[in-house]
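Please have the sequence and the structure open as I go.

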Amino acid sequence: MDKEGSTIEDLMGEDELIQEVKGQNPKLVEYISRPQNLKILFNYILNPGQEEPKAFKYPFLAAEIFGCEIFTICEAVLKNLDMLKEFWALLDRPAPLPPLQANYFVKVNIVLLSKKTADMIQFLRSQDDAVTRLLKHVGTSAISDLILKLISLDELPEGQGVIHWLSSQGLIAHLISQLDPKNTPEMHSNASQTLMDIITVSFPPQQMDPTMTGPPEPSPTHLNSVGNQLVDEMKSEALLRKMIGYMVDRDSPYSTSSLANGINIVMELFRRYCSEIEQAELQYHEYQVQLQSNHPARQLPTQEKLAALAVDLNDLFKVIGETLPSLTSFLTQPKGVTGPVDTTLGKQTPLGSERLKICELFAEVLHLQYLFTSSPLFDLLVLATNEVPGNYGIADGLMFLSDRFVEEKIMPKCIDLFFEFKWNNFLHSVVYDMVAKVLNTFTYTSTLPANPVNGPIPSNEDLPALSDVSTVSQTKLKALRKSVKTLVVTIFKEGRLTAQIVNAQRQNDYEVEQPKGVRLGYMGHLTYISDEVCKLFEKCAAELDDELHAYITSEEWQDYVSHALQETRDRDRQTLGGARPDVSYTQQSGGGVPGGDELASSSSKPIERSSRNADDDYVPNPNENEAYNDQFARYLTQQLVKDIPDRFLGADSSDEEDSVADEWIQSIQGKEVDFDMGEALASEQRKDDDETVSDDIASELASSRLEDQEKPSDEPKPALSASSSAVTEQEDWADFSKAPSE
């Protein structure tokens, strides 16, 4: 910096450049903030050279300088908008952008958005085609991250209005158009992931309040809304029809990819809605608990929030219900499956991603139905529906879809797939979830008391009267229960669930009895489904008797439950691996368990042989003896390595130690050794006693030498104790070395 005529390129060669920038060196920061130098840094990113250091080092360092988040540098950039426009000209280049270049571009802009939020948003709004240029490169993950960063700025005071601006620029419509089945699967995947990320960032995180106990407090705006304008646009009827139209197009070359990615988006909408319901339930529960304990009560979900939740998915229910026949046709006639393929089990017709994804979508609908029906906010959400135009809400939408499921025989078709594809556990898990949710929904609604209101409603001016809630919710609950009952009946009548379970058990029993036979792949999930059916018949037999009497009392089903299913239950209740391990052996080995103090007495007792050794018909396994010998060899090696250096060879004897150990290992290889662990433990105890005696002799020797030093004498110093110790140790060694041959 002190040299006359120094340039930015000279600074790039300094090893401490980034460290000095982070330390906000005044001269360095002022020098970098000059417009001509900032332009050079931008140029390193826009036009990297072909050779080092301009190819990789200079662009990296340039991005790192901006990444230091120095306010003076960011302010200097925003004062030169023409230079910033030239930097954004990178987006005018054809897609795809080089990944490194795109990452550096995004890194610089995210820093500018963080440090100069208002100025950067004003700059972007001044660009008529800024969003279009970003969407041109949405396939690059870094550009998608920049879009998500812009969306998250709406939570800040300086960034309010960004979401409205992005929506007016057609962000969501453009991303959904990328799902056109004529586009490539890569474009579908990028658009789908970006849309799901938008859904994620559109729900603000909960705010932590250190003065309050319990879960964190949601943001104030989150109490009255579901998502934001972008998510609302995504759930609009027009865009949903466009997206699902792409999904069910059978004529385009990449319709399978459009279907899979479109279903991912719809399922994410369902899951986020379920998350919102659960969050509102938590607020309601915390309000009740703290109100009863006289603590400062949290804010309840307002009527506006409840009304938003009540009608949030109306368009989605409508569009899915109307296009259900097209979606269901893929279950029986998938486009992506052309015939059998080679597998380890021979020629097999694959399930295909289309059928699996569609089953997952139906499972999400049924999961939402169970969650809503069993929610403590059921009554309030139903009543909130009466406050919106049309009085049509989530309960009505779920009943509409349940009726459509019955018409299209969704559950019977999915159950048939379950038994057809015996080895597809992904499908088995999904279908089991579908059946369980339907049966549990009906069981729950059938066991509710006459007044289904979940607990007392706290006195709050925003909440309706208890009597109004009870009357309205009971009426809606009865209608919903009737709809779910029809769905349950189709499972047993058209789906023939009990008969198919019995037949599957018979087929499995036959397969197991064959040479090298194995259990069929769905037997685990089949047991789960059978348990759910048993619970349904046990709790709701009276309500279902008029429709399902023949299935409940079927002789074949009762025989299956009392024999095959009961045997499976008993087997599953058994301890894994048989009986519990005997802790007495662990105590004898002194493994740090209670009773370890008794090692001295118990180690002298020989450990009993396994009962199979006493069996006259038992044929030893040669491999077992070899493993036994190896175990004994490892034991000897450990003892030799531990004892030799300190007791005989001194500290610098690692080479001799290895050679001695190798000799002992070689001497027992190929031999059958009758190794008794109890005797080995007893030997260890004797060795410990011998070492104690040796220590006593050494102590006597040291005392004797000390006495000799204190009284002068011309007599030679006695070496009797030392020689005795050495002889004793050599005798111990000889005794131990004979152990393998004995």
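Predicted model: local features only at pLDDT ≥ 70, side-chain atom pairs only at ≥ 80, totals over all residues.

Let me start with Lys-437, which at 16% relative accessibility counts as buried, where buried means under 20% relative accessible area, exposed means over 50%, and partly exposed lies in between, with a 1.4 Å probe and protein chains only. Its partner Asp-433, at 25% relative accessibility, counts as partly exposed, and the two side chains meet in a salt bridge of 2.9 Å, N to O, a salt bridge being a side-chain nitrogen of Lys or Arg within 4 Å of a carboxyl oxygen of Asp or Glu. Because they are four residues apart in helix H25, Asp-433 and Lys-437 are separated by about one helical turn; helices here are DSSP runs of H or I with at least four residues, numbered from the N terminus. Elsewhere, salt bridges that share partners link Glu-237, Arg-241, Lys-318 and Glu-322 into one network.

Residues are numbered from 1 along each chain as its sequence is written, and side-chain values use heavy atoms, with hydrogens and water left out.

Arg-133 and Asp-129 pair at 3.8 Å, N to O, with Arg-133 buried at a relative accessible area of 11% and Asp-129 partly exposed at 37%. Asp-342 and Lys-347 pair at 3.0 Å, N to O, and here Asp-342 is exposed at 62%, as Lys-347 is at 58%.

Turning to the helices, how far apart are the end C-alpha atoms of H17? Helix H17, residues 255-292, has its end C-alpha atoms 56 Å apart, which agrees with the 56 Å that its 38 residues should span at 1.5 Å a residue, the expected span being 1.5 Å times one less than the number of residues. After H17 comes Asn-294, with a positive phi near 60°.

In helix H26, residues 466-492, we find Lys-485, whose C-alpha atom is separated by 9.2 Å from that of Thr-441, 44 residues apart along the chain. Leaving aside neighbours within four places in sequence, Lys-485 is in contact (heavy atoms within 4.5 Å) with Phe-442, Glu-543, Leu-544, Asp-546 and Glu-547.

Finally, the backbone in the loops. Most residues other than glycine have a negative phi, and most peptide bonds are trans. Glu-69, however, has a positive phi of about 60° and sits in the loop between H5 and helix H6, while Asn-391, in the loop between helix H22 and helix H23, has phi near 50°. The peptide bond from Glu-52 to Pro-53 is cis, with omega near 5°, and Pro-53 lies in the loop between helix H4 and helix H5. A cis bond also joins Ala-95 and Pro-96, with omega about 0°, and Pro-96 belongs to the loop between helix H7 and helix H8.

Methods
Helix = DSSP H or I, 4+ residues; strand = E, 2+ residues; numbered from the N terminus.
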